[in-house]
Amino acid sequence: MGKNRVRILVHILGCIGFLLIPVLFAPDLTGTRSLLSVPPFKRDFLSYLLLIAFFYFSFFILIPKLYLNKKHLYFFLAVAACFIFILFVPRLIFPVQPFHPPGADIPYHPRTSRHRLYDYGNRLLQFLIVLVFSLLLKISDRWKKVEKEKMSAELSYLKAQINPHFLFNTLNSIYSLAIQRSDETPAAVIKLSEMMRYVTTEAHSDLVSLEKELNYISNYIELQKIRLGNTVKINYTNEGAVQNKQITPLVLIPFVENAFKYGVNPEEDCYITIKIVITENVLIFNATNKKVQIDFSKEPQSGHGIKNAAQRLDLSYAGKHKLEIKDEQNEYSVSLLITLE
């Protein structure tokens, strides 16, 4: 059942429960027919109907149009007018007058002024409870909407930071091949074309096909293999079924890129191991690389991609992922578990 249907069902059940209150607490309850013929009950029942109407009028009109737009004077005047309407209209339709309830030996008499004041106070309390509840519910909805928009804006910002980073690194790879006049340059251009097509057509969605995401990673690694040749031992594997699974786009590639960026030095024996395993709706990602000597003064954005990736995981998979990074003396490793959609 969708969230909207559940919400509608909750509202319906809430309204029914609210309307049962005058039935459950009716002092003249002697049967369904006799209850419906009792003026105090009909007056109370109408009051509760009007309170429900006021709740939705307040929720959809008064609060968003007046209160949240800081038109507080108009809001309180409208609320006061609604209270007066709810308080007196049921009494005008079903006036308080002596009557003889069916089956009762003693006729009913109108309440004293003291009882009326008590009744007015009780109505005011009910009215204020409904008003406060509608305020809290609307403010909560508005807060959730703002948080969702904020999350969407943050994700867009992080994607905007990541995409150019990938492009610049990949273009550097192509440039290196062109300088070397490598026969692998055409293949590298094709890989780059496939990667950029993915970035421009798919990666702006909230979720993408896991198969396409892994194909993007595979293209990136193949491109790096072409550029690096035999200078680095690269071991990449992925296991498991990827069909009908989705993932946040470009959330894994920063960890792959980081391994190549800080785990490669032609003057050292280097290795990079990347393994992806998919079991049912869980993705397990592991990346390990040897830590090599790098002049970090030339890398002003060191660790930038990893930080962004961690932020995106927190936004997209809150409570549904586990990220563990080990930065040891000679080795750097990332272990990530994600519960997929």
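Mentor: Rings of Phe, Tyr and Trp pair if their centres lie within 6.5 Å. Keep in mind that this is a predicted model.

Trainee: How many aromatic pairs does a search of the whole structure find?

Mentor: The search returns 14 aromatic pairs.

Trainee: Which residues form one aromatic cluster?

Mentor: Look at Phe 55, Tyr 56, Phe 59, Phe 60 and Phe 133, which together make up one cluster. One of these rings, Phe 59, also has a charged neighbour: Lys 138 lies over its face, at 4.1 Å from the ring centre.

Trainee: Now the helices. At what angle do H4 and H5 cross?

Mentor: An angle over 145 degrees counts as roughly antiparallel. Helix H4 (residues 39-67) and helix H5 (residues 72-93) cross at roughly 165°, and their axes come within 10 Å. H4 and H5 are therefore roughly antiparallel to each other. The crossing of H4 past H5 is right-handed.

Trainee: Which residues of H4 and H5 meet?

Mentor: On H4 they include Leu 46, Leu 50, Phe 54, Phe 57 and Ile 63. On H5, Phe 75, Val 79, Phe 85 and Ile 86 are among them. By class, this contact has 18 nonpolar, 2 polar and 2 charged residues.

Trainee: How do I read the packing of H7 and H8, and what is its angle?

Mentor: The same way of reading applies. Helix H7 (residues 185-201) packs with helix H8 (residues 210-228) at about 150°, with the axes 9 Å apart. That angle makes H7 roughly antiparallel to H8. Here the crossing is left-handed. From H7 the contact includes Ala 187, Ala 188, Lys 191, Glu 194 and Met 195, and from H8 it includes Lys 212, Glu 213, Tyr 216, Tyr 220 and Leu 223.

Trainee: What is the make-up of the H7 and H8 contact by class?

Mentor: It has 9 nonpolar, 1 polar and 5 charged residues.

Trainee: Are H8 and H9 roughly parallel or roughly antiparallel?

Mentor: For this reading, angles under 35 degrees count as roughly parallel. The axes of H8 and helix H9 (residues 253-262) cross at roughly 10° and come within 10 Å. H8 is therefore roughly parallel to H9. Tyr 216, Ile 217, Tyr 220, Ile 221, Gln 224 and Leu 228 of H8 make the contact with Ile 253, Val 256, Glu 257 and Phe 260 of H9. By class, the residues here are 8 nonpolar, 1 polar and 1 charged.

Notes. Residues numbered from 1 in each chain as written. Predicted model: local features only at pLDDT ≥ 70, side-chain atom pairs only at ≥ 80, totals over all residues. Heavy atoms only, no water. Phe/Tyr/Trp six-rings, centres within 6.5 Å; stacked < 30°, edge-to-face > 60°. Lys NZ or Arg CZ within 6 Å of the ring centre and 35° of its normal. Axes fitted to C-alpha atoms, helices over the stretch in contact; angles between N-to-C directions. Helix = DSSP H or I, 4+ residues; strand = E, 2+ residues; numbered from the N terminus. Parallel < 35°, antiparallel > 145°, perpendicular 65-115°, else oblique. Left-handed = near helix turned anticlockwise from the far one by under 90°. Contact = heavy atoms within 4.5 Å. Nonpolar A, V, L, I, M, F, W, Y, C, P; charged D, E, K, R; others polar.
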